[in-house]
Amino acid sequence: MTTTASITAATAAATTATTTTTAPLADARAAGLAHYAARGVLEHVLARHGITFQEQIALRAAVTADAPQTPDDLVTQVRGSLKADPADIRATLDELLAKQLLVADGARLRPTDAGRELIPAVGAETAPMAARIWGGIPAEDLAAAGRVLALVTARANAELAALTA
């Protein structure tokens with residue numbers, strides 16, 4: 001005679017085995033869904049600070065640069081990350097200037113104190129959420145995912161370069 005506990009244990013083992021063998025394969029859709037889910041969390045936080053995702057990317061490029069950058073330098077960096085239209089990126093830089101997060105320093109742009117403070121403030125606010133999102137994933141799974149995503153990024157960048165050559 002089987003007990004309820006042994007049936008529950010057998011069901012759990014079968015479910016785990018089924019889950020393991022039927023785990024979805026990584027593909028463009030899965031990567032995109034993960035990106036947009038995580039980006040949605042970030043955009044919610046950014047909205048509270050009055051900036052957009054693209055503004056945050058451009059501001060981060062300015063904040064992490066060793067020296068003030070020309071607008072062209074920042075456009076190139078942001079375009080490398082977001083694959084956005086250069087005119088849209090220039091408009092983003094104008095928005096950051098209007099919000100006084102960047103300031104013109106001759107022909108270069110540099111972050112203001114408010115701009116420099118915003119990046120770590122957003123990081124501190126998103127850190128607990130990121131810990132909940134990424135927490136508990138085994139290091140070897142994160143390493144494998146990192147390798148796959150790096151390879152996909154390199155291949156997609158090569159395809160885009162061929163399309164725009």
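Analyst: Two strands pair if DSSP finds at least two bridges between them. Helices (H or I, at least four residues) and strands (E, at least two) are DSSP runs, numbered from the N terminus. This is a predicted model, in which local features need pLDDT of at least 70 and side-chain atom pairs count only at pLDDT 80 or more, while totals for chains, interfaces and linings use all residues. Residues are numbered from 1 along each chain as its sequence is written, and side-chain values use heavy atoms, with hydrogens and water left out.

User: In which sense do strands E1 and E2 pair, and over how many bridges?

Analyst: Strand E1 (residues 102-105) pairs with strand E2 (residues 108-111) in the antiparallel sense, over four bridges. Asp105 stands opposite Arg108 in E2. The two strands form a hairpin with two residues between them, and Gly106 in the turn has a positive phi of about 70°.

User: How is the packing of two helices described?

Analyst: The description uses the angle between the two axes and the distance between them. Axes are lines fitted to C-alpha atoms, for helices over the stretch in contact, and angles run from 0 to 180 degrees between N-to-C directions. Helix H4 (residues 71-82) packs against helix H5 (residues 86-98) at an angle of about 120°, the axes being 10 Å apart. H4 and H5 are therefore oblique to each other; angles under 35 degrees count as roughly parallel, over 145 as roughly antiparallel, 65 to 115 as roughly perpendicular and the rest as oblique.

User: Which residues of H4 and H5 meet?

Analyst: Contact means heavy atoms within 4.5 Å. From H4, Pro71, Asp72, Leu74, Val75, Val78 and Arg79 meet Pro86, Ile89, Arg90 and Leu93 of H5.

User: At what angle do H3 and H6 pack?

Analyst: H3 and helix H6 (residues 113-134) pack at about 110°, with their axes 10 Å apart. They are therefore roughly perpendicular to each other. Gln56, Leu59, Arg60 and Val63 of H3 make the contact with Gly115, Arg116, Leu118 and Ile119 of H6.

User: How many salt bridges does a search of the whole structure find?

Analyst: A salt bridge is a side-chain nitrogen of Lys or Arg within 4 Å of a carboxyl oxygen of Asp or Glu. The search finds six.
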